[in-house]
2 protein chains.
Amino acid sequence: MRGAETPAAAANLEPQTAKGRATREAILRAAEDVFGEQSYYRASISEITRRAGVAQGTFYLYFPDKQAAFVELVHLLNQNLRREIRTAIADLEDRIEMERVGLQTFFDYMADHRALNRIVRESEFVAPDAYRWHYTSFARGYVEGLEEAQRKGQITDAISPETMTWILVGIAEFAGSHWEFWGGGPPPPDVFDEMMTFVGRALRPGREQ
Amino acid sequence: MRGAETPAAAANLEPQTAKGRATREAILRAAEDVFGEQSYYRASISEITRRAGVAQGTFYLYFPDKQAAFVELVHLLNQNLRREIRTAIADLEDRIEMERVGLQTFFDYMADHRALNRIVRESEFVAPDAYRWHYTSFARGYVEGLEEAQRKGQITDAISPETMTWILVGIAEFAGSHWEFWGGGPPPPDVFDEMMTFVGRALRPGREQ
């Protein structure tokens with residue numbers, strides 16, 4: 001997969017006008033809802049265009065097929081989520097505080113985009129390249145941040161930044177698949193605090209083994 | 001979902017003869033391969049029966065539809081995996097040692113049943129009731145084990161057994177979705193050891209906060 005280049009750009013379907021961009025965005029918003037409710041294979045392009053308020057043929061002005069719109073949503077999630085987290089932790093110094101704020105930002109974003117929460121997990125089966133790209137690109141910056149924190153002595157160096165990264169991403173991700181156990185939303189504050197207790201105990205220096 | 005009762009039993013399709021049971025098992029083994037390779041929606045009953053070496057109509061003697069066979073595989077995974085782990089940790093006393101052996105057993109089982117590894121994750125989208133049932137039934141025994149370990153002082157009581165459970169299941173599960181990052185198999189020994197370092201630091205008593 002080609003870095004951050006989107007499928008639409010690759011297929012030369014990027015709209016050139018403000019009206020075109022608005023239509024493309026309306027289709028993507030509708031696609032997000034429909035994929036989230038119905039899962040990929042049950043979702044139809046006609047349902048997506050119906051909700052976007054455009055003719056069915058309009059879809060193909062912007063996306064070559066259903067899969068391309070799905071992959072584009074994985075790309076958007078990745079870009080938006082990384083930007084939100086980067087902004088949220090920009091002024092923080094302590095890595096474990098960054099983990100807390102980053103996790104809270106992840107849950108806040110997912111609460112506003114519940115469908116994307118499912119779409120990215122379903123991409124493992126529907127669009128494996130997009131799934132791999134999402135985790136690989138997300139992990140890259142995460143590893144760098146943890147390396148820096150190890151150099152500063154803020155977290156243990158008993159575990160490699162790569163292993164820490166996928167465990168921490170895995171915990172956040174699995175929480176995202178368990179919202180229904182918490183009444184359909186993110187973990188309640190006491191569970192969130194326990195998650196951070198678990199993570200803090202694992203990461204904080206001292207008691208090396 | 002009705003406890004451990006399988007969909008086949010519920011539909012009165014449980015075979016009564018040894019030959020019937022063998023045919024049903026052959027269909028399930030073929031279904032495991034086909035679902036694992038092609039994902040649920042691309043998998044066809046005709047491909048499953050072709051690989052099982054039976055006529056397509058034979059499928060319907062044992063399963064009402066494709067989804068029923070898929071759900072049955074989630075049930076089988078759950079039952080077999082729980083039995084394997086129960087057996088593997090039966091003679092152990094220390095909870096953190098149980099975590100290590102349990103995780104190793106999980107990876108060994110998944111290495112022998114790579115398709116099931118994907119099937120259980122895809123069930124979130126294909127058969128949400130089976131997915132919920134799998135985690136709920138798996139978590140029940142896990143929580144009890146952690147409660148006992150807390151009473152014995154083997155692990156911290158700064159985190160509830162329920163939160164520990166889904167974090168630990170989440171770490172194992174996410175590792176299962178990352179095998180391709182490790183060359184298509186379970187985490188290599190150094191990564192496995194780092195996982196256990198992470199878990200051990202989080203769970204071991206002392207340094208309560």
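**Exercise 1.** Find what covers the buried residues of α2(A).

*Solution.* This is a predicted model. Start with the helix itself: α2 of chain A runs over residues 18–42. Next, pick out its buried residues. Among them are Arg24(A), Ile27(A), Phe35(A) and Tyr40(A). Now look at what lies over them. From chain A, the cover includes α3 (45–52), α4 (59–62), α5 (66–89) and α7 (114–126).

**Exercise 2.** Compare the span of α2(A) with that of a straight helix, and locate the kink.

*Solution.* Take 25 residues at 1.5 Å a residue: a straight helix would span 36 Å. Between its end C-alpha atoms, α2(A) spans only 31 Å. Then look along the helix for a bend. A kink of about 85° is centred on Gly36(A).

**Exercise 3.** Which rotation superposes chain A on chain B?

*Solution.* A rotation of 180° does it, with 0.0 Å of shift along the axis and an RMSD of 0.0 Å. The two copies are therefore related as by a two-fold rotation axis. In chain A, the C-alpha of Ala202(A) is nearest that axis, at 2.3 Å.

**Exercise 4.** Describe the side of chain A that touches chain B.

*Solution.* Count first: 28 residues of chain A are in contact with 28 residues of chain B. Then assign them to helices. α2, α7, α9 (161–176) and α10 (189–203) of chain A each supply at least two residues. The largest share, eight residues, comes from α10(A). Finally, sort by class: twelve nonpolar, nine polar and seven charged residues.

Methods:
Residues are numbered from 1 along each chain as its sequence is written. Chains are lettered from A and ligands numbered from 1 in the order in which they are written. This is a predicted model: local features need pLDDT of at least 70, side-chain atom pairs count only at pLDDT 80 or more; totals for chains, interfaces and linings use all residues. Helices (H or I, at least four residues) and strands (E, at least two) are DSSP runs, numbered from the N terminus. The expected span of a helix is 1.5 Å times one less than its number of residues. The bend at a residue is the angle between axes fitted to the seven residues ending there and the seven starting there. A residue is buried if 20 or more other C-beta atoms lie within 10 Å of its own, exposed if 12 or fewer, and partly exposed in between; C-beta atoms are placed from the backbone. Two residues are in contact if their C-beta atoms, placed from the backbone, lie within 7 Å. Copies are superposed by least squares on the C-alpha atoms of residues with pLDDT of at least 70 in both. Ala, Val, Leu, Ile, Met, Phe, Trp, Tyr, Cys and Pro count as nonpolar, Asp, Glu, Lys and Arg as charged, and the others, Gly among them, as polar.
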